[in-house]
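Reader: I am new to this structure and would like to go through it with you. Could we look at it together, one part at a time?

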Amino acid sequence: MKLLVTGGAGYIGSVVTARLLEAGHEVTVLDDCSTGHRDNVPDGARFVPGGLDIAAAVLDPSYDGVLHFAAKSLVAESVRRPDLYWRANVGGTLDLLDAMRRHGVRRLVFSSTAATYGEPARMPITEDTPPLPTNPYGASKLAVDRMLEAEARAYDLAPVSLRYFNVAGAYLRHGERHDPETHLIPNLLAVAAGERPAAQVFGTDYPTRDGTAVRDYLHVVDLADAHVRALDVATPGHHLVCNLGTGHGSTVLEVIAAVQRVTGREVPVEECPRRPGDPPVLVASWERAAQELGWKPVRDLDTMVADAWAFRQGLVVPDRAGSAPHRASSGAGGSRR
């Protein structure tokens with residue numbers, strides 16, 4: 001397939017691009033590098049600098065589909081500046097959909113998020129859980145999901161929304177390079193590396209097995225492989241939504257233990273009060289992804305930590321699971337499995 005990847009210079013987008021190339025696809029990356037990095041774009045992909053407002057000039061009828069990662073994604077920033085999130089995430093996606101309609105490109109895989117669900121009481125979270133986002137970031141992603149549902153009905157768009165939980169790990173030369181860094185594992189590795197004095201643990205009195213919050217961690221390569229598979233099941237007129245997670249969670253203290261185990265270094269802990277709005281447990285059901293995509297997560301927490309640690313050390317990170325990427329389909333897709 002000939003594909004456009006928006007946001008392909010970012011962490012997740014670059015890993016997905018690498019896996020697409022390995023699967024035999026032809027890939028163009030569109031990214032303004034406002035948060036991504038030009039050197040993140042894998043060799044073999046065509047790079048076009050720019051935002052979603054130029055998507056119509058990049059796409060043409062020869063493209064088979066789009067994988068859409070370009071977005072703003074900082075929860076705290078979205079609370080301070082919601083206008084930025086409506087403009088970039090909602091307005092930018094509308095620009096992209098306009099471009100796809102103009103050129104007759106219907107297949108779309110969208111990078112959605114578990115933040116669309118907010119703080120549901122029942123676990124694991126299924127796709128039937130009512131979405132109740134608690135911040136403008138989650139609300140902007142939910143707005144896009146609803147746009148895709150409407151466009152599928154009105155214009156025969158073939159969209160797949162993948163809602164993922166906590167992504168970690170690295171692949172080849174692609175890893176987390178966020179500024180500011182808000183994710184737990186890279187921040188813990190900074191402590192292990194001696195760059196920070198201690199790991200802050202927000203809340204030790206949750207109703208969980210060790211008192212700290214539970215989150216569902218997914219290896220970025222497992223996540224990328226779900227995107228590759230989603231291309232083959234995208235169906236005109238049908239909006240498919242799938243959660244991506246492992247079905248079980250790790251507490252903050254368990255993640256700290258994994259970092260210490262993998263790195264062989266101590267990670268001092270600073271106990272802090274709970275942060276407002278942090279739910280005790282967020283864990284995904286991935287049954288629909290298994291049924292619809294033929295996908296399952298195969299890489300464990302220690303592998304995520306080991307790969308992220310290797311990336312910090314400047315190493316090229318192999319696929320430690322040893323699984324081959326899903327091969328490109330010879331057909332045009334458009335049928336559900």
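Reader: Which residue stands opposite L3 in strand 4?
Author: L3 stands opposite G65 there. Strand 1 (residues 2–6) and strand 4 (residues 65–68) run parallel and are joined by four bridges; two strands count as paired if DSSP finds at least two bridges between them. Helices (H or I, at least four residues) and strands (E, at least two) are DSSP runs numbered from the N terminus.

Reader: Before we go on, what kind of model is this, and how are residues numbered?
Author: It is a predicted model, in which local features need pLDDT of at least 70 and side-chain atom pairs count only at pLDDT 80 or more, while totals for chains, interfaces and linings use all residues. Residues are numbered from 1 along each chain as its sequence is written, and side-chain values use heavy atoms, with hydrogens and water left out.

Reader: What is the order of the strands in the open sheet of seven?
Author: The order is 3-2-1-4-5-6-11, and the pairing is parallel. Strand 3 (46–49) and strand 11 (240–244) are at the edges with a single partner strand each, so one side of each has no neighbour in the sheet. From one strand to the next, the twist averages 20°. Angles run from 0 to 180 degrees between N-to-C directions, and axes are lines fitted to C-alpha atoms, for helices over the stretch in contact.

Reader: Which strands does helix 5 lie across?
Author: Helix 5 (residues 136–155) lies across strand 5 (107–113) and strand 6 (158–164), and runs at about 155° to strand 5. Helix 7 also packs on the sheet, where it touches strand 1, strand 4, strand 5, strand 6 and strand 11. The direction of helix 7 makes about 160° with that of strand 6.

Reader: How do helix 1 and helix 7 pack?
Author: Helix 1 (residues 11–22) and helix 7 (residues 220–233) have axes 9 Å apart, at an angle of about 60°. The two helices are therefore oblique to each other; angles under 35 degrees count as roughly parallel, over 145 as roughly antiparallel, 65 to 115 as roughly perpendicular and the rest as oblique. Helix 1 passes helix 7 in a right-handed crossing, where right-handed means that the near helix is turned clockwise from the far one by less than a right angle, and left-handed anticlockwise.

Reader: Which residues make that contact?
Author: Helix 1 contributes Y11, I12, V15, V16, R19 and L20, and among the residues of helix 7 are V220, L223, D225 and L231. Contact means heavy atoms within 4.5 Å. By class, the contact has 11 nonpolar, one polar and two charged residues. Ala, Val, Leu, Ile, Met, Phe, Trp, Tyr, Cys and Pro count as nonpolar, Asp, Glu, Lys and Arg as charged, and the others, Gly among them, as polar.

Reader: Turning to helix 6, how many of its residues are buried?
Author: Eight of the nine are buried, so helix 6 is largely enclosed by the rest of the structure. Buried means under 20% relative accessible area, exposed over 50%, and partly exposed in between (1.4 Å probe, protein chains only). The cover over the buried residues includes strand 7 (166–168), strand 8 (199–202), strand 10 (217–219), helix 8 and helix 10 (301–312).

Reader: At what angle do helix 6 and helix 8 pack?
Author: Helix 6 (residues 184–192) and helix 8 (residues 252–263) pack at about 45°, with axes 10 Å apart. Their crossing is right-handed. L184, I185, L188, L189 and A192 of helix 6 meet V252, V255, I256, V259 and T263 of helix 8. That contact has nine nonpolar, one polar and no charged residues.

Reader: And which residues of helix 10 does helix 6 meet?
Author: I185, P186, L189, A190 and A192 of helix 6 meet L301, V305, A308, W309 and R312 of helix 10. The two axes come within 10 Å and cross at roughly 60°.

Reader: One more topic: is G245 buried or exposed?
Author: G245 is buried, with a relative accessible area of 0%. G245 is in the loop between strand 11 and strand 12. Leaving aside neighbours within four places in sequence, the residues in contact with G245 are D216, L218, A284, W286, W295 and P297. G245 and A284 are 39 residues apart in sequence, and their C-alpha atoms are 5.2 Å apart in space.
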